[in-house]
Amino acid sequence: VLRAAQKFKLPAQFRGRTLCYGLIGPIFCPRCRSLLAASIGLNEEQKEFQKVAFDFAANEMAPHMAEWDEKEIFPVETMRKAAQLGFGGIYVHPDLGGAGLSRLDTSIIFEALSTGCVSTTAYMSIHNMCVWMIDTFGNDEQRHEFCPPLCSMDRFASYCLTEPGSGSDAASLTTSAKRDGDNYILNGSKAFISGGGETDVYVVMCRTGGSGARGISCILVEKGTPGLSFGKKERKVGWNSQPTRAVILEDCVVPVANRLGAEGQGFGIAMRGLNGGRINIASCSLGAAHASVLLARDHLSVRKQFGEPLANNQYLQFRLAEMATGLVTARLIVRHAAQALQEDRGDAATVCAMAKLYATEECFKVCNEALQMHGGYGYLKDYAVQQYVRDIRVHQILEGVQSSVIP
Ligand SMILES: Cc1cc2nc3c(=O)[nH]c(=O)nc-3n(C[C@H](O)[C@H](O)[C@H](O)COP(=O)(O)OP(=O)(O)OC[C@H]3O[C@@H](n4cnc5c(N)ncnc54)[C@H](O)[C@@H]3O)c2cc1C
């Protein structure tokens, strides 16, 4: 099958048409290099920006992803370049500098970008989620003040929900915001904040009322506000191109004008943001699996054991077929969820959670299997596959979903 894939030529009737064969026989389309039907079912416009994102990933991200990981570089300038293509506010309204694209479009873009660097794309996906929250729940003044510089990535955003004592049980958070005239005084700390310390706008879920979800509000805290400080940079298994720090609020005075929505709406806003966030993180997992299948395929075709390429081994061909199938099924549920969210369907939150649950687990298996196919080389940092495995492991941990899926 692999040999056939390499020799494969498009039949004459399909030449000059945008067509992707995907899957086994051939394993990938030699014409558009779009593996495993990534562009099947997309309209012409979607295929165009998918190509732009794949090209950006290949040219601007993939050559640097190992260095960003090794040296823990937050690639601000590269992200600003991506923002020039509209990737800083993909599903934000165009009058605020956003690209005004759909959730499905967004998923296609994050999948493609992730092939070049999962960690950087995952941060960009969190940033996009924050800008959308401000666009959707902010008043006109907040939208026009905050969104344009975030869409251009002149400024960066962080999402602050988790606390040291409240992770999966997010509604039990204790960071307080006490009203004092036209200000709130915030006290508490947020844990594991992506971008923490290096971003400019912190979307903070905090308690303005009683216990439970209804006592939570959402307040924007800007870097430089007295009382806002950061913990040490966490040392992580993956996601090393983005810093993770605790965000500490000590008598931090923030204008009431920085509150998104009404008091008590914060938890709902946070969860609405996460519906899209889950599709985005799942899409980043798709990109990692996508890249890993290609790496495994290439490795099997050059590595010889027992006198012939590993690609001739039928067991490994079958395993590769299963990985390809895992990727495609994960992509199907992610795109299905993106469509449900776009249409604001009643089951959207559940389907988004299911897509995140399924895709992050399935894609991790795919990447891990790709590493296995590299043998000992897969464990060396000279080979990219290990970075995809390390980077997507955390997707199974964060943005928890199970409780949203239980029927
Ligand atoms: C690299 C990284 C970046 C992150 N970025 C952000 C960010 O930008 N913003 C943010 O707000 N948060 C962020 N997080 C936090 C992340 O969302 C939490 O780690 C996650 O929600 C899990 O919470 P926890 O770590 O407290 O685990 P816990 O809630 O303590 O859970 C531990 C384990 O127990 C399981 N568990 C929990 N409750 C139950 C239950 N009732 N029944 C069965 N099993 C259960 C969990 O599934 C998990 O396996 C980040 C985390 C990491 C690691």
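**Close-up 1. Helices H5 and H9 cross at roughly 145° in this predicted model.** The axes of H5 (residues 103-114) and H9 (residues 314-342) come within 7 Å. H5 contributes Arg103, Leu104 and Ser107 to the contact. From H9 come Val334, Arg335, Ala338, Gln339, Leu341 and Gln342. By class, the contact has 4 nonpolar, 3 polar and 2 charged residues.

**Close-up 2. The ligand is surrounded by 19 residues.** The closest are Thr162, Gly167, Ser168, Phe192 and Ser194. Two elements, strand S1 (157-160) and strand S3 (183-194), each give two or more residues to the shell. The shell divides into 10 nonpolar, 7 polar and 2 charged residues. Both domain 1 (157-267) and domain 2 (271-405) supply residues here, at least three from each.

**Close-up 3. Helix H11 (residues 385-393) is largely enclosed by the rest of the structure, because 8 of its 9 residues are buried.** The buried residues are Val385, Gln386, Gln387, Tyr388, Val389, Arg390, Asp391 and Ile392. They pack against four helices: H3 (65-71), H6 (118-137), H8 (266-302) and H10 (348-373).

**Close-up 4. The protein chain holds 12 helices and 10 strands, which set the context for the views above.** The chain has 407 residues, and 53% of them count as buried. Among contacts with a separation of 6 or more, 73% join residues 24 or more positions apart.

Note on methods: Residues are numbered from 1 along each chain as its sequence is written. This is a predicted model: local features need pLDDT of at least 70, side-chain atom pairs count only at pLDDT 80 or more; totals for chains, interfaces and linings use all residues. A residue is buried if 20 or more other C-beta atoms lie within 10 Å of its own, exposed if 12 or fewer, and partly exposed in between; C-beta atoms are placed from the backbone. Two residues are in contact if their C-beta atoms, placed from the backbone, lie within 7 Å. Axes are lines fitted to C-alpha atoms, for helices over the stretch in contact, and angles run from 0 to 180 degrees between N-to-C directions. Ala, Val, Leu, Ile, Met, Phe, Trp, Tyr, Cys and Pro count as nonpolar, Asp, Glu, Lys and Arg as charged, and the others, Gly among them, as polar. A residue is near a molecule or strand if its C-beta atom, placed from the backbone, lies within 6 Å of it. Domain bounds come from an automatic or database domain assignment.
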